[in-house]
Amino acid sequence: VAKRLEKFKTTIFTQMSTLAIKHGAINLGQGFPNFDGPEFVKEAAIQGIKDGKNQYARGYGVPDLNLAVADRFMKDTGLVVDPEKEVTITSGCTEAIAATMLGLINSGDEVILFAPFYDSYEATLSMAGAKIKCVTLRPPDFSVPVDELKSAFSKNTRAILINTPHNPTGKMFTREELDVIASLCIENDVLVFTDEVYDKLAFEMDHISMASLPGMYERTVTLNSLGKTFSLTGWKIGWAIAPPHLTWGVRQAHSFLTFATSTPMQYAAAAALRAPDSYYEELKRDYRKKKAILVEGLKEVGFTVFPSSGTYFVVVAHTPFGLENDVAFCEYLIKEVGVVAIPTSVFYLNPEDGKDLVRFTFCKDEGTLRSAVERMKEKL
Ligand code: GLN
């Protein structure tokens, strides 16, 4: 394997999902729903295939989806963007992340990341040859340590990556935090890459897009996808929204990574994004119930549960159960209890920082969540 990828193992999500199957454990690890996406979206995909929308799509997206993404962004943020010049459709947000890093970062550029962070950020930054500067968010509230953040900026800083609502913690960046980040970026002429794939799963406060802050659109790449909002994580439809001068870089990388993404699924994605407000309200209502079942259950089991404002994840301290670290705890949980969680040490540059914490997901039907809680109550 190439040196730049040597340190990365099989992703933790793949490892844990494989173990879940092997041990017949309930999988509250990898974040994918165990229920299906909406009928009208599936119908639209079938229709697209039947209508012969089966050859290469236009590289940066089928026009109807570029338009639907721009319309949705306008509803969400009030920003008017040009669907032809400022929206790029990718194979999931994961590709949008890679295209952003590879298309806009030069080797040796510094990029600031908040730990814990989603694993693909570090790997794609490494592929781009970036130098990572890490700022750690700490429990209980994972708020931004402003002084540490300030000292992470240097004259070589090219970009900062934020993720709100945040995987794995469920933290949402507050207006005050975003304001601090924005003014540091303007002062130091730094770009913002913002992963907002959980924006529709915001429970305790309103989601705020960095691009909507004064003076920020011009330096921001907003990344999002269909998967979480429509319970279709296997479709791999994502996008990047950015002003034309940044979109150019993203599109250059995208052209040579995948060129284009699945044509019929793009038509279906356009139909999905035009869902009425009631769809989004119902999604949130369902997830609030699931979240309550898991969070209350985990508290009764005896975990220290940290508040999660958004995403379908919650982070807990496993320390009340006396295992030496997060990986040992997750192994015990799979083998002896029959439940899968994700050890968080993989989300840090220094694994020690995550040794007390594990992540559970609640994107499962209520029965599954209840059974997982029962198993833990009985055997932990
Ligand atoms: N985003 C999903 C999670 O955090 C995992 C996606 C993946 O397996 N790469 O659970």
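Start with the shell around the ligand. By class, one residue there is nonpolar, four are polar and none is charged. Here are the names: T11, F13, Q30, G31 and N167. Keep in mind that this is a predicted model.

Now the domains. Domain 1 comes in two pieces, 3-30 and 278-379. Domain 2 runs 39-273. Their centres, taken over C-alpha atoms, are 25 Å apart.

How many residues does each domain bring to the contact? Domain 1 gives 29, and domain 2 gives 29. Look at the domain 1 side. Two elements give two or more residues there: α10, at 277-301, and β10, at 313-317. α10 gives the most, with five residues. What about the classes on that side? The side of domain 1 that touches domain 2 has 17 nonpolar, seven polar and five charged residues.

Next, the whole chain. We have twelve helices and 13 strands. The C-alpha atoms fill a box of roughly 55 × 55 × 45 Å along the principal axes. What does the radius of gyration say? For 380 residues, a compact globule would have a value near 21 Å; the chain has 20 Å, so the two agree.

Two last numbers. Buried residues make up 48% of the 380 in the chain. Then sequence separation. Take the contacts between residues at least 6 apart in sequence: 74% of them join residues at least 24 apart.

That's the tour. Over to you.

How values were computed: Residues are numbered from 1 along each chain as its sequence is written. This is a predicted model: local features need pLDDT of at least 70, side-chain atom pairs count only at pLDDT 80 or more; totals for chains, interfaces and linings use all residues. Domain bounds come from an automatic or database domain assignment. Two residues are in contact if their C-beta atoms, placed from the backbone, lie within 7 Å. Helices (H or I, at least four residues) and strands (E, at least two) are DSSP runs, numbered from the N terminus. Ala, Val, Leu, Ile, Met, Phe, Trp, Tyr, Cys and Pro count as nonpolar, Asp, Glu, Lys and Arg as charged, and the others, Gly among them, as polar. A residue is near a molecule or strand if its C-beta atom, placed from the backbone, lies within 6 Å of it. The radius of gyration is taken over C-alpha atoms; the globule rule is 2.2 Å times the number of residues to the power 0.38. A residue is buried if 20 or more other C-beta atoms lie within 10 Å of its own, exposed if 12 or fewer, and partly exposed in between; C-beta atoms are placed from the backbone.
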